[in-house]
Amino acid sequence: MVNSSRADSDTTTLRTVERAFDFLEYVAQAPLSPSVREIALAMGTNISTTYHMFNTLQALGYVTRNADQSVQIGPRITILHQAYRRVVSVDRELLQLVEDLAHETRETASVSRLVRDHVVIHAIAESRQPNRAAGLYVGLSGFEHLRASGRLVLAMTDPATKALILEQ
């Protein structure tokens, strides 16, 4: 599993913490609740190490186990979600504008902002059409060159910031 949002290479990080977040992100992004064994295979980690991560995250309430032994995100994750939503809160008028635009055009509409060297989605109103942009969520960043909002920022930003964004 490759995570594009890793800290800079000259920053000291704890690999154990990185793996725990890889575990959580894998569970969160999996189309179906995975087993611990599937998570270990996807992450390329030893099965016993993966079980230790699962046990730790389960004890903390960040993951739970279903009756079929699959793993899903646990209720404690809402603490992190609520804190993040406070940070990226969007003015109600702007949010209403996004919702009105999505309703009027019948397309997905969003508000994105440049945060340091990433274009981050801060609000989104999904299209109700069966064929629509998939995988967008509040907090999404990266792949700026592939997203309309990212390309707009790249076109409008200074050359140094543009180079930094594209380098990632």
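**Entry 1: helices H1 and H3**

I began with helices H1 and H3, which are roughly perpendicular to each other, and I note at the outset that the model I am reading is a predicted one. The angle at which H1 (residues 15-29) and H3 pack is about 75°, and their axes are 10 Å apart; I call the pair roughly perpendicular because angles of 65 to 115 degrees count as such. I then looked up which residues make this contact, and found Arg19, Ala20, Phe23 and Leu24 on the side of H1, with Thr49, Thr50, Met53, Phe54 and Leu57 on the side of H3. Sorted by class, the residues of the contact of H1 with H3 are 6 nonpolar, 2 polar and 1 charged.

**Entry 2: helices H2 and H3**

Next I turned to H2 and H3, whose axes are 9 Å apart and which pack at an angle of about 115°. I recorded the crossing of H2 and H3 as right-handed. From H2 the contact takes in Val36, Arg37, Ile39, Ala40 and Met43, while H3 contributes Ile47, Thr50, Tyr51, Met53 and Phe54. When I divided the contact of H2 with H3 by class, I had 8 nonpolar residues, 1 polar and 1 charged.

**Entry 3: threonine 45**

I then went to the loop between helix H2 (36-43) and helix H3 (47-60), where threonine 45 lies. Is threonine 45 buried or exposed? Its relative accessibility is 14%, and I count threonine 45 as buried because the cut-off for that word is under 20%. Setting aside residues up to four places away in sequence, I found threonine 45 touching Arg19, Ala40, Thr50 and Met53. Of these I had already met Arg19 in the contact of H1 with H3, and Ala40 in that of H2 with H3. I also noted that the side chains of threonine 45 and threonine 50 are joined by a polar contact of 2.6 Å.

**Entry 4: tyrosine 84**

Last, I looked up tyrosine 84, which is found in helix H4 (residues 77-87). With a relative accessible area of 31%, tyrosine 84 is partly exposed, because that value falls between the limits for buried, under 20%, and exposed, over 50%. Which residues is tyrosine 84 in contact with, leaving aside its neighbours within four places in sequence? I wrote down Val120, Val138 and Gly139. I also checked tyrosine 84 against alanine 30, and these two are 54 residues apart in sequence and, from C-alpha to C-alpha, 21 Å apart in space.

Methods
Residues numbered from 1 in each chain as written. Predicted model: local features only at pLDDT ≥ 70, side-chain atom pairs only at ≥ 80, totals over all residues. Heavy atoms only, no water. Helix = DSSP H or I, 4+ residues; strand = E, 2+ residues; numbered from the N terminus. Buried < 20%, exposed > 50% of the residue type's maximum accessible area, 1.4 Å probe, protein only. Contact = heavy atoms within 4.5 Å. Polar contact = N/O pair within 3.5 Å; in protein donor to acceptor, adjacent residues only side chain to side chain. Axes fitted to C-alpha atoms, helices over the stretch in contact; angles between N-to-C directions. Parallel < 35°, antiparallel > 145°, perpendicular 65-115°, else oblique. Nonpolar A, V, L, I, M, F, W, Y, C, P; charged D, E, K, R; others polar. Left-handed = near helix turned anticlockwise from the far one by under 90°.
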